[in-house]
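Hi there,

Here is the structure I promised to pass on. Have a look at it first, and then read on for what turned up.

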Amino acid sequence: KLSLPINSFYPNDLGIKWLARFHITAALINQYQIQWSEKEKALVFPTYNNKELIFYQLRYFEKGKPKWRSYGVKPLIFLGNPAPAVLVEDYLSAIRVGEVATGIPLFGSTIPTKNLLTIREQYDNIIIWLDYDKVQDKKTKEIIASCKAIFKETYQIITEKDPKAYTSKEIKDRINSI
């Protein structure tokens, strides 16, 4: 059974300052149970299913460590509000997009076809908004091709900054401009 690192608690100043760069408020920290692991010296982003921890990611800040490390099986989760459905790379972008739409994090830059089919059961159309460095990536092109085969309409938003870096109004404007 998966469990969070011991001594995980409300984020410290380093964590709060980093989260604030992406407009993550105290309310969002509480809502999504974002924590700090003193042992790991990392932010903890847990994902639960019926109160059972099924997946979490750690965001490290120390030089020499990877930025992100994942534990558990990557889940298919829907964060936030009703349609439209927006595929994003990471949990924070999904939280932010979820303030105005449905944020679906890939926890990376790939998605199994079975997950796309599950999304299609709830949504006719899909928006893909990955980080700028992935726009021309082969994996991104594969996601777009798969989405075009599965959804009625597939849209892509391309921005210089990650979705999480924009304000809620900017996110809403980008999505509504499609």
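A word on terms before the first finding: a pocket here is an open set of grid points, on a 1 Å grid, with protein on both sides within 12 Å along at least five of seven lines. Please keep in mind that this is a predicted model.

The largest pocket holds about 320 Å³ of space. It is lined by 16 residues, and those closest to its centre are Trp68, Glu89, Asp90, Asp131 and Lys164. Sorted by class, the lining has 10 charged residues, four nonpolar and two polar.

Next, the sheet. Five strands form an open sheet in the order β1-β2-β3-β4-β5, with antiparallel pairing. β1 (8–9) and β5 (68–72) are at the edges with a single partner strand each, so one side of each has no neighbour in the sheet. Further in, β2 (residues 35–37) and β3 (residues 42–49) pair in the antiparallel sense over three bridges; Trp36 has Leu43 in β3 as its bridge partner. Helix α1 (residues 13–20) lies across β2, β3, β4 (52–60) and β5, and runs at about 70° to β3.

Finally, do look at Ile34, in the loop between α2 (26–31) and β2. Is Ile34 buried or exposed? Its relative accessibility is 2%, so Ile34 counts as buried, the cut-off being under 20%. Beyond its neighbours within four places in sequence, Ile34 contacts residues including Pro11, Leu19, Leu28, Phe45 and Ile95. The C-alpha atoms of Ile34 and Thr47 are 9.7 Å apart, with the two residues 13 apart along the chain.

Notes
Residues are numbered from 1 along each chain as its sequence is written. This is a predicted model: local features need pLDDT of at least 70, side-chain atom pairs count only at pLDDT 80 or more; totals for chains, interfaces and linings use all residues. Side-chain values use heavy atoms; hydrogens and water are left out. On a 1 Å grid over the protein atoms alone, a cavity is a set of points where a 1.4 Å probe fits but cannot get out, and a pocket is an open set with protein on both sides within 12 Å along at least five of seven lines; lining residues have an atom within 4 Å of a point. Grid points are joined across faces, edges and corners, and a volume is the space filled by probe spheres set on the points. Ala, Val, Leu, Ile, Met, Phe, Trp, Tyr, Cys and Pro count as nonpolar, Asp, Glu, Lys and Arg as charged, and the others, Gly among them, as polar. Two strands pair if DSSP finds at least two bridges between them. Helices (H or I, at least four residues) and strands (E, at least two) are DSSP runs, numbered from the N terminus. Contact means heavy atoms within 4.5 Å. Axes are lines fitted to C-alpha atoms, for helices over the stretch in contact, and angles run from 0 to 180 degrees between N-to-C directions. Buried means under 20% relative accessible area, exposed over 50%, partly exposed in between (1.4 Å probe, protein chains only).
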